[in-house]
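Here are some exercises to work through with the model open in your viewer. Try each task before you read its solution.

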Amino acid sequence: ELRYRDTLMRFDFVWLRDHCRSASCYNAKTNQRSLDTASVGLDIKPQAVRVDDTTLFLTWPDGHVTRYGLEWLVKNSYEGQKQQVMHPRILWNAQIYHQAQVPSVDCQSFLETDEGLKEFLQNFLLYGIAFVENVAPTKEDTEILAKRVSLIRETIYGRMWYFTSDFSRGDTAYTKLALDRHTDTTYFQEPCGIQVFHCLKHEGTGGRTLLVDGFYAAEQVLRQAPEQFELLSKVPLKHEYVENVGGCHNHMIGVRPVLNVYPWNNELYLIRYNNYDRAVINTVPYDVVHRWYAAHRTLTTELRRPENELWVKLKPGKALFVDNWRVLHGREAFTGYRQLCGCYLTRDDVLNTARLLGLQA
């Protein structure tokens, strides 16, 4: 046990030997471990331990000395991690988002300056959505925009896609019908992290985009019914996509709970919510399934509250980036010809770009 400031930390001796940052155990140039963890005896104990105001010193049976800064230990201990947030966010409903007056970023600033890119990414990380203005309304320019922050993730829908109501794919999205709020690719083992939308043309009425902060809704469930939140975070479900249209033949299955949390601090990091694509519930025993339906109903009620709905009219020149692990999207029915283009981005690369610019991600 070691207390530093207000944190009482407990460390296993194997852990303390394994994480040694000396030159022989850790390569500071590559930030990789050199020590063979399997070579550390599971019954290892230090011969001597000393602590001063800033540092913990441990001398091991072979004479090797390990030094830890107490600040480093607080940051990296289980007890320290439990108190930290991995991804700082601002949870929002429509009123909170409007009052925040989150600015869009100009396309030229986004593409040509680190300041513009950083402002965009900060908005995206905090709110789960971000806009870029004055984008040329072409698929090619939208692709240039997307590649500024990430690799484009190629999926069964291709790399960059055009999106019209021609029912060219076996999906409700390729119609003029309204779409209820949902996250995309719930039927992937790893759902796509970010989705880019850019409306290139719309000759008609309707078609507004609906955005809902799924984490805000889940937070309300956690406050009102923590046992239901826990159920939604532990019960695994199948989502499924079966397509046999033209030359497109696909059968995708993803299995995870609706809410996905980090187990050490219960921080929500992913929501899979798509009532269209949820498969037969056959992974939940009889004595749990009714309680799961009740919990799902509670979450759905929060997601469908009118005050949580942010409606946006996408127009040529305004590109929207959506965190598909957090923000649900939908659309109202429309008339006429409406063409969107867009793509999915690899989440790791977006977060990598943010970290390189000094943001916590």
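**Exercise 1. Domains**

Find the domains into which the protein is divided, and state what separates their centres.

*Solution.* Step 1: in this predicted model, the protein is divided into domain 1, residues 2-82, and domain 2, residues 94-357. Step 2: taken over C-alpha atoms, the centres of domain 1 and domain 2 are 41 Å apart. Step 3: bring in the record. An unreviewed UniProt entry annotates residues 8-73 as "domain: Gamma-butyrobetaine hydroxylase-like N-terminal". Step 4: look at that span. Residues 8-73 are 15% helix and 30% strand, and their end C-alpha atoms lie 11 Å apart.

**Exercise 2. Strand β21 and its partners**

Decide whether β21 is enclosed or open to the outside, then name strands that pair with β21.

*Solution.* Step 1: count the buried residues, using under 20% relative accessible area as the cut-off. In β21 (residues 327-331), 5 of the 5 residues are buried, so the strand is largely enclosed by the rest of the structure. Step 2: check both directions. Val327, His329 and Arg331 point one way, Leu328 and Gly330 point the other way, and all are buried. Step 3: turn to the partners. β14 (residues 209-213) pairs with β21 in the antiparallel sense over 5 bridges, and Val212 has Leu328 as its bridge partner. β12 (residues 179-182) also runs antiparallel to β21, joined by 2 bridges, and here Leu179 stands opposite Arg331.

**Exercise 3. The sides of helix α11**

List the buried residues of α11 and explain how they are arranged around the axis.

*Solution.* Step 1: α11 spans residues 347-356, and its buried residues are Arg347, Val350, Leu351, Thr353 and Ala354. Step 2: these residues cover an arc of only 155° around the axis, so they sit on the same side of α11. Step 3: Asp348 and Leu356, on the other side of α11, are exposed. Step 4: recall the helix geometry. With 3.6 residues a turn in an α-helix, residues three or four places apart point the same way.

**Exercise 4. A buried arginine**

Is Arg347 buried or exposed, and what does its side chain reach?

*Solution.* Step 1: Arg347 lies in helix α11. Its relative accessibility is 13%, so Arg347 counts as buried. Step 2: look for polar partners of its side chain. One is the side chain of Asp323, in a polar contact at 2.9 Å. Another is the backbone oxygen of Gly193, which the Arg347 side chain reaches at 3.4 Å.

**Exercise 5. The start of helix α8**

Identify the residue that caps the N-terminal end of α8.

*Solution.* Step 1: α8 covers residues 214-224, and its buried residues include Phe215, Tyr216 and Val221. Step 2: the cap is Asp213, with a side-chain oxygen 3.1 Å from the backbone nitrogen of Phe215.

How values were computed: Residues are numbered from 1 along each chain as its sequence is written. This is a predicted model: local features need pLDDT of at least 70, side-chain atom pairs count only at pLDDT 80 or more; totals for chains, interfaces and linings use all residues. Side-chain values use heavy atoms; hydrogens and water are left out. Buried means under 20% relative accessible area, exposed over 50%, partly exposed in between (1.4 Å probe, protein chains only). Helices (H or I, at least four residues) and strands (E, at least two) are DSSP runs, numbered from the N terminus. A polar contact is a pair of N or O atoms within 3.5 Å; within protein, one must be able to donate a hydrogen and the other to accept it, and residues adjacent in sequence count only if both atoms are side-chain atoms. UniProt positions are given in the numbering used here, feature names are shortened, and annotations may be inferred rather than shown by experiment. Domain bounds come from an automatic or database domain assignment. The arc is that of the directions from the helix axis to the C-beta atoms. Two strands pair if DSSP finds at least two bridges between them.
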